[in-house]
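Dear colleague,

I am handing over the structure below, and after it I set out what was found when it was examined. Please read the notes alongside the coordinates.

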Amino acid sequence: MRRKKPETQVQVTCAYCGSQTETFVTSYPDYLNFCRIHIPGKEPEKDCMTDYYEEKKNVQKKEEVKSIFSQKKEQLQEKEKVLTDRTTALRKLAELKQFLSNKNKKSL
Ligand SMILES: [Zn+2]
């Protein structure tokens, strides 16, 4: 006796959380499937599409912040370099003074 296959509902893999779901939405123009549990008249219980695009937006923002941060870091490093140069210059000046005073002592 042949057993009838159980009727398979369309299942997709959520592009955001990776779970299999029968209640999903497809985004355009990306054609990505997201699970979405939404009872009409209520706040969506699960809305992976919104979460996904929010996260994407945030990532882009983070990238921007990162690039600004690295720019600032470069500026800071530049400053440090100047400071180091100044310290080196001051040390060399002190050495020179020492050298000159020693020379004066000798000549006296
Ligand atoms: Zn999901």
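Two strands are taken to pair if DSSP finds at least two bridges between them. With that in mind, Val25 has Phe34 in β4 as its bridge partner, and β3 and β4 pair in the antiparallel sense over 3 bridges. Please keep in mind throughout that this is a predicted model.

As to confidence, the protein averages a pLDDT of 87, and 90% of the residues score at least 70. Among the elements, confidence is lowest in α1, at a mean of 88, and highest in strand β1, residues 12–13, at 95. Where pLDDT is low, the predicted coordinates should not be read in detail.

The overall layout is as follows. The protein has 1 helix and 5 strands, and from the N terminus on these elements run β-β-β-β-β-α. Of its 108 residues, 7% count as buried, and, of the contacts with a separation of 6 or more, 12% are accounted for by residues 24 or more positions apart.

Turning to the sheet, 3 strands form an open arrangement in the order β3-β4-β5, and the pairing is antiparallel. Because β3 (24–26) and β5 (46–47) stand at the edges, each with a single partner strand, one side of each is left without a neighbour in the sheet. Strands of a sheet pair through backbone hydrogen bonds, either parallel or antiparallel. Between β4 and β5 the antiparallel pairing runs over 2 bridges: Arg36 is partnered with Asp47 in β5, and Ile37 with Lys46, also in β5.

Most residues other than glycine have a negative phi, and most peptide bonds are trans. Seen as a hairpin, β3 and β4 have 6 residues between the strands, and Tyr31 with its positive phi belongs to that hairpin. Is Tyr31 buried or exposed? Tyr31 counts as exposed, because it has 8 C-beta neighbours inside 10 Å, and a residue with 12 or fewer is placed in that class.

The largest nonpolar core has 7 residues in all, namely Cys14, Tyr16, Phe24, Phe34, Cys35, Cys48 and Met49. The elements that give two or more residues to this core are β4 (33–37) and α1 (48–107). Two of the core residues can be described in more detail. Leaving out residues up to four places away in sequence, Cys14 touches Ser19, Thr21, Phe24, Asn33, Phe34, Cys35 and Cys48. Phe24, whose place is in strand β3, has 20 C-beta neighbours inside 10 Å and therefore counts as buried; the threshold for that class is 20 or more. With its neighbours within four places in sequence set aside, Phe24 is in contact with Val12, Cys14, Asn33, Phe34, Cys35 and Arg36. Phe24 and His38, which are 14 residues apart in sequence, are 9.8 Å apart in space, C-alpha to C-alpha.

Gln11 is found in the segment before β1, and with 11 C-beta neighbours inside 10 Å it counts as exposed. For the pair Gln11 and Thr21, 10 residues apart in sequence, the distance from C-alpha to C-alpha is 5.4 Å.

With kind regards

Technical notes. Residues are numbered from 1 along each chain as its sequence is written. This is a predicted model: local features need pLDDT of at least 70, side-chain atom pairs count only at pLDDT 80 or more; totals for chains, interfaces and linings use all residues. A nonpolar core is a set of buried Ala, Val, Leu, Ile, Met, Phe, Trp, Tyr and Cys residues joined through C-beta atoms within 7 Å. Helices (H or I, at least four residues) and strands (E, at least two) are DSSP runs, numbered from the N terminus. Two residues are in contact if their C-beta atoms, placed from the backbone, lie within 7 Å. pLDDT is the predictor's confidence in each residue, from 0 to 100.
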